[in-house]
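Here is a friendly walk through one protein model, for anyone opening it for the first time. Have the sequence and the 3D view at hand as you read.

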Amino acid sequence: MKLPRPRPGRVVLEGRYARLEPLSLAHAEALLAASANAASFDYLFDVPPTDLEDLKAYIREKAALEDPLFQTVIDKATGLAGGRQTLMRITPEHGVIEIGNILWGPAIARTRVATEALYLAARYVFDELGYRRFEWKCNDRNEPSKRAARRFGFAFEGVFRQHMWTKGKNRDTAWFAMLDRDWPRLREAYERWLDPANFDPAGRQRARLSIPA
């Protein structure tokens, strides 16, 4: 492998059900609706927007950043932004990158749109950019996030105790990762699960996402 790897860019990533686009003001109203559940921010570094203008100011700030690099998750069935995520802690010299700042709103959470959003990011990181390691980190108290990491095929690597101080509280951080050598079997599992034949007319899965050991 040749290092450093390229930095991720502001690209559009297309899937069957989801599309990842660079964060922009065009998404503001839909992202405000996706941010309506304040509990979704319990383990994020930011806080819920107070109104549309507050969210627009947030978007202007975050859209200009290179790291974290914000992506909007578009539900292709509705054409609306259902959430956001980032590529962050980007380390081209080691071929390491993290997915974070994940906010999948109620319209896409626990749906094939959210799963495909994760898949599109991983495919971009491994297949297009050639990174060696893709990380997922979360507050160790965030049980739903830890379950999601395992479902998506990230391997648990341990807990960094007193890793951060955020929102006036200690954060122990659970670390998960998938590696480039894991990706071929993970990609196959994702693509099998995302196949339209795996869903009934109401969009319910016929078989669960099964990641081989």
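## Ground rules

This is a predicted model, so to speak of a local feature its residues need a pLDDT of at least 70, and side-chain atom pairs count only at pLDDT 80 or more, while totals for chains, interfaces and linings use all residues. Residues are numbered from 1 along each chain as its sequence is written, and side-chain values use heavy atoms, with hydrogens and water left out.

## The overall picture

The protein chain has five helices and eight strands. Helices here are DSSP runs of H or I with at least four residues, strands are runs of E with at least two, and both are numbered from the N terminus. Reading from that end, the order is β-β-α-α-β-β-β-α-β-α-β-β-α.

How does the radius of gyration fit a compact globule? The protein chain has 17 Å, which agrees with the value near 17 Å for a compact globule of 213 residues. That radius is taken over C-alpha atoms, and the globule rule is 2.2 Å times the number of residues to the power 0.38. Along its principal axes, the C-alpha trace spans about 45 × 45 × 30 Å.

Of the 213 residues, 49% count as buried. Buried means under 20% relative accessible area, exposed means over 50%, and partly exposed is in between (1.4 Å probe, protein chains only). As for the surface, the protein chain exposes about 10900 Å², with carbon and sulfur atoms supplying 50% of it. These areas come from the Shrake-Rupley method with a 1.4 Å probe, and for residues only the protein chains shown count as cover.

Contacts tell a story too. Among those with a separation of 6 or more, 61% are between residues 24 or more positions apart. Contact means heavy atoms within 4.5 Å.

Then there are the charges: the mean positions of the 34 positive and 28 negative ones are 4 Å apart. Lys and Arg count as positive, Asp and Glu as negative, and His and the chain ends are not counted. Each charge is placed at NZ of Lys, CZ of Arg, CG of Asp or CD of Glu.

## Rings that meet

A pair of aromatic rings is described by the distance of the centres and the angle of the planes. Rings of Phe, Tyr and Trp (its six-membered ring) pair if their centres lie within 6.5 Å; planes under 30 degrees apart count as stacked, over 60 as edge-to-face and the rest as tilted.

The structure holds 14 aromatic pairs. In one of them, the planes of Tyr-58 and Phe-70 are at 90° and the ring centres 6.2 Å apart, so the pair is edge-to-face. This pair links distant parts of the chain, with Tyr-58 in helix H2 (residues 52-63) and Phe-70 in strand E3 (residues 69-75), twelve residues apart. Tyr-58 counts as buried at 18% relative accessibility, and Phe-70 is buried at 6%.

Another pair is Phe-156 with Phe-176: their centres are 5.3 Å apart and their planes at 55°, so the pair is tilted. Phe-156 is in strand E7 (residues 155-166) and Phe-176 in strand E8 (residues 169-179), 20 residues apart. Phe-156 is partly exposed at 41% relative accessible area, whereas Phe-176 is buried at 0%.

There is also an aromatic cluster made up of Trp-104, Tyr-119, Phe-126, Phe-134, Trp-136, Phe-152, Phe-154, Trp-183 and Tyr-190.

## A glycine in E7

Strand E7 also holds Gly-158, which counts as buried at 15% relative accessibility. Which residues does Gly-158 contact, leaving aside neighbours within four places in sequence? They are Thr-173, Ala-174 and Trp-175. From Gly-158 to Asp-140 is 18 residues in sequence and 9.7 Å in space, C-alpha to C-alpha.

Most residues other than glycine have a negative phi, and most peptide bonds are trans. Here are some exceptions.

| Site | Feature | Value |
|---|---|---|
| Leu-3 to Pro-4 | cis peptide bond | omega about 0° |
| Asp-67 to Pro-68 | cis peptide bond | omega near 5° |
| Asn-101 | positive phi | phi about 50° |
| Lys-167 | positive phi | phi about 55° |

Pro-4 is in the segment before strand E1 (13-14), and Pro-68 lies in the loop between H2 and E3. Asn-101 is in strand E5 (residues 96-104) and is buried, with a relative accessible area of 16%. Lys-167 has its place in the loop between E7 and E8 and is partly exposed at 41%.
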